[in-house]
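I consulted the structure shown here.

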Amino acid sequence: MEETNINSEIILQVKGLTKKYGSLIAVNNLELNAYRGEVIGFLGPNGAGKSTTIRMLLGLIKPTSGSIEIFGKSLLKNRLDILKRVGAIVEKPDFYLYLSAYKNLEILGKISGMEIKKKRIKEVLEIVGLKKRARSKVQTYSFGMKQRLGIAQALLHNPELIILDEPTTGLDPQGIKEIRELILHLSYDLKKTIFLSSHILKEIEIIASRMIIINNGTTQIEGKVEDLLNSSQMKVRFEVDNTAKALEVVKLSMWNDNFVEAEKNILVFEMDQVEIGELNKFLVENNIIVSSVVPIRSLEDYFLKITEGSTE
Ligand code: ADP
């Protein structure tokens, strides 16, 4: 991993991070790095250990063992200094519903103990696209707007690293799109480092430049999103009218090397995308009727498998 990012500054470095709750190991020897300016996707099924990790990154709970360095310093020894440069929404943010967005941010700024200027409040409301509604009561806001106000709060002190725990959960497609655009704006235009957790592969694929997949508290797969998607061969499911006959012709052909398994009237092959048409032609030429062809990338297939086995 270091080789591909040799010129980038490491913002966050986690080594051997472990959190035990009694006999349950929620996070198990986790390793991860985040580099300046990237959107890093932290992906895993429910119960994988994402929230527990994020809570440790924010100093909200203590690791059982392992180390966390943020901005090159130990979190344990420099917690307050570090957290001044980190913004986060972890749980659904709480606001005073009968007050305006502007007023809420003013109050939350004061509570944070950091000096937040009026100009900064206006700036963050503009960044998250709530400028026009800044004076309306929060109770008139949609769920998506409240979520963006949560991000505005996290941005108040102009943090370099922003940690978002499942920010699109519960949002409608339009809300999801707005949060996605906001995250990309924070990254590309404002050069923030974004650490984004999700249990949805698609979500991470679209936004993140690099991703780490965790399951049972440990890193399973990690790399540039582009590489992970391109390098992955696909599993392709061919639905046929006569499985026995199809199997027979496949076994005698070169396609036997690609054949993975058969389930009912579906034959599964592992292959590159360009070969799909060829195999389809081969089957049809051998009088097999193909009623559907469904490609599934192995990353997707893998993620589906660990998600099916997740604890929640
Ligand atoms: P995720 O955020 O990926 O859904 P979590 O970090 O919330 O996963 O949970 C990881 C595991 O740790 C789960 O099995 C969960 O039940 C357990 N866990 C989380 N918090 C606690 C806690 N405070 N006490 C006991 N077990 C916990």
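I began with strand S11 (residues 234–240) and found it mostly covered, with five of its seven residues buried. Buried means under 20% relative accessible area, exposed over 50%, and partly exposed in between, with a 1.4 Å probe and protein chains only. Strands (E, at least two residues) and helices (H or I, at least four) are DSSP runs numbered from the N terminus.

I noted that the model is predicted, so that local features need pLDDT of at least 70 and side-chain atom pairs pLDDT 80 or more, while totals for chains, interfaces and linings use all residues. Residues are numbered from 1 along each chain as its sequence is written, and side-chain values use heavy atoms, without hydrogens and water.

I then looked up the pairing, which requires at least two DSSP bridges between two strands. S11 pairs antiparallel with strand S13 (residues 266–271) over six bridges; there, arginine 237 has valine 268 as its bridge partner. S11 also runs antiparallel to strand S14 (residues 290–297), joined by seven bridges.

Next I examined lysine 235, which lies in S11 and stands opposite isoleucine 296 in S14. Lysine 235 is buried, at a relative accessible area of 17%. Beyond neighbours within four places in sequence, its contacts (heavy atoms within 4.5 Å) include Val260, Phe269, Asp301 and Lys305.

Last, I checked tyrosine 98, in the loop between strand S6 (86–89) and helix H3 (101–112). Tyrosine 98 is exposed, with a relative accessible area of 52%.
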